[in-house]
Amino acid sequence: MNNLAFATIKELRTKLDNKEISPKELVQFFSKRFADHDGNILSALEIFETDSIMGASQQNGILHGIPGLIKDNISQKDRGLTCASKILEGFTAAYDATAIARLKQEGALLMGRANMDEFAMGSSGETSAYQKSKNPWDVSRVPGGSSSGSAAAVAAGFVPWALGTSTGGSVRQPASFCNLVGLKPTYGLISRYGIVAYGSSLDQIGVMTRTVYDNALVLSAIAGHDPKDSSSLTVEKNDYTQSLTGKIPNGLRIGIVENTLYAQGVEAEIVSAVETTVKVLEGLGAKTSRLKLPALDYSAATYFIISRAEAASNLARFDGVRYGVRNKKAGTLNDMYCNTRHDGFGAEVKTRILIGNYVLSAGYADAYYEKAKIVQRMMTKEFLDAYKEVDLLIMPTAPCPAFKFGAFDADKLQLDLQDYFTCAANLTGVPAISIPCGMTASGLPIGFQLYGPHLSEELMLQVAYAYEQQTPWHTMYANV
Ligand code: GLN
């Protein structure tokens, strides 16, 4: 049965169309995968009951009968929604996020809620208030974060696809740690209606799959304008699988971003896997050049400030009055706010709220928040200038492969540097994708990133697909 566990969406579609298996049997099969193995991987916070999964979706559409898992910061009507935080324990979503409504319309079967870093704050999955998801490739290591459960479930063959969210890298970094394709689309391409805001100007839903085709297919189901999200772009629905020909456009120019690949601290095996990738792309006909994007060196610091500022503002709504848990200890209204937030939020979330309020406070906003916004604008200009010379950029996804639990406990700053290569896409709003490109000597997955200009998803996926067809990585599975 393992070939069903690791079947792609495309393969499952054929089996469903040939009536080799029914949608309900698939849900039962994957529910059993969770029941048998998730005690070890801890990817899901909840798997729904089969009939309620079946009853929630249409019985046709481009994802008809295809099970998937949803990060627990995306609203699914009448289901729990916790953001892996104690403060939302027992909270039920009142409506579907637009992406969820579209998935249901396209017939996708939504199996449950994926674990994550609390409120999507983290790079390892370790800040979840409930459990620490493990990396199916090596359970002594993290799956990456903050979409830790989404990545772990797809890599473990519990579902063929999952949704994550990315504010600074939470789809691409876990994808690279788990041998998955992870896409962070252009800001505004997928509606944010119904996702719990972390950094609203940076947040995007992203798709995690084992192949590029599957990623393009799920994107096709959820992308496109939504009047319910004021930052949604006026983009029509599109079939992103159309451009996947196995070839790249004639004369495609790819820029290798030297100050990422040769940044201090990037492990040698990552550098060599990305350099090998460059050769494969050249073999496909790409014209490569090497360039530097100096503003990128400030991206992690800029992200640090802007994301905390927005988080502090967004998380002010969790006060015990409107959502989730209310602390019942006697006292004044102010005590109730304080006790609720004290008991409800974990340490990482509290730290970020404090930093966010600090960088926004009178007297400090000029020095920190305003300055970060200026650097963000410089960075955007630098990227847009680069896209006058090249069509796509290539860089590593993360400086290292999946690390051990607790590896950065003594040095949290190193953990924040996980976002070094990814957060620039969120800060500038451009799309970026992480694609498997190798294995370390000890058998851990490595990923590389393509960055493109705004709304270049079609081109990025086309190139990613052509690359994937030349390489064996997408055919390798964790042993679960
Ligand atoms: N690792 C980053 C952070 O901790 C990214 C999180 C995200 O993209 N949600 O903020």
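Where does the ligand sit? The ligand sits in the largest pocket. The model is predicted, with local features requiring pLDDT of at least 70 and side-chain atom pairs pLDDT 80 or more, while totals for chains, interfaces and linings use all residues. Residues are numbered from 1 along each chain as its sequence is written, and side-chain values use heavy atoms, with hydrogens and water left out.

Figure 1. The largest pocket has a volume of about 320 Å³. A pocket is an open set of points, on a 1 Å grid over the protein atoms alone, with protein on both sides within 12 Å along at least five of seven lines; lining residues have an atom within 4 Å of a point. A molecule sits in a pocket if more than half of its atoms lie within 2 Å of its grid points. Grid points are joined across faces, edges and corners, and a volume is the space filled by probe spheres set on the points. The lining has 26 residues, of which Arg 308, Glu 348, Arg 352, Lys 412 and Asp 416 lie nearest the centre. Two or more lining residues come from each of α11 (299-314), α13 (347-360) and α15 (412-416). Helices (H or I, at least four residues) and strands (E, at least two) are DSSP runs, numbered from the N terminus.

Figure 2. Around the ligand are 14 residues, of which Ser 123, Thr 167, Gly 168, Ser 170 and Tyr 303 come nearest; a residue counts as near if one of its heavy atoms lies within 4 Å. The shell comprises four nonpolar, eight polar and two charged residues. Ala, Val, Leu, Ile, Met, Phe, Trp, Tyr, Cys and Pro count as nonpolar, Asp, Glu, Lys and Arg as charged, and the others, Gly among them, as polar.

Figure 3. A polar backbone atom of Thr 167 is 2.7 Å from an oxygen atom of the ligand, and a backbone N or O atom of Gly 168 is 2.6 Å from an oxygen atom of the ligand. A nitrogen atom of the ligand lies 2.7 Å from a polar side-chain atom of Asp 419.

**Figure 4. Backbone geometry in two loops.** Most residues other than glycine have a negative phi, and most peptide bonds are trans. Ala 84, which is not a glycine, has a positive phi of about 55°; Ala 84 lies in the loop between β2 (67-71) and α5 (98-105). Gly 145 and Ser 146 are joined by a cis peptide bond, with omega about 10°. Ser 146 belongs to the loop between β3 (109-114) and α6 (148-155).

How values were computed:
A polar contact is a pair of N or O atoms within 3.5 Å; within protein, one must be able to donate a hydrogen and the other to accept it, and residues adjacent in sequence count only if both atoms are side-chain atoms. On a 1 Å grid over the protein atoms alone, a cavity is a set of points where a 1.4 Å probe fits but cannot get out, and a pocket is an open set with protein on both sides within 12 Å along at least five of seven lines; lining residues have an atom within 4 Å of a point.
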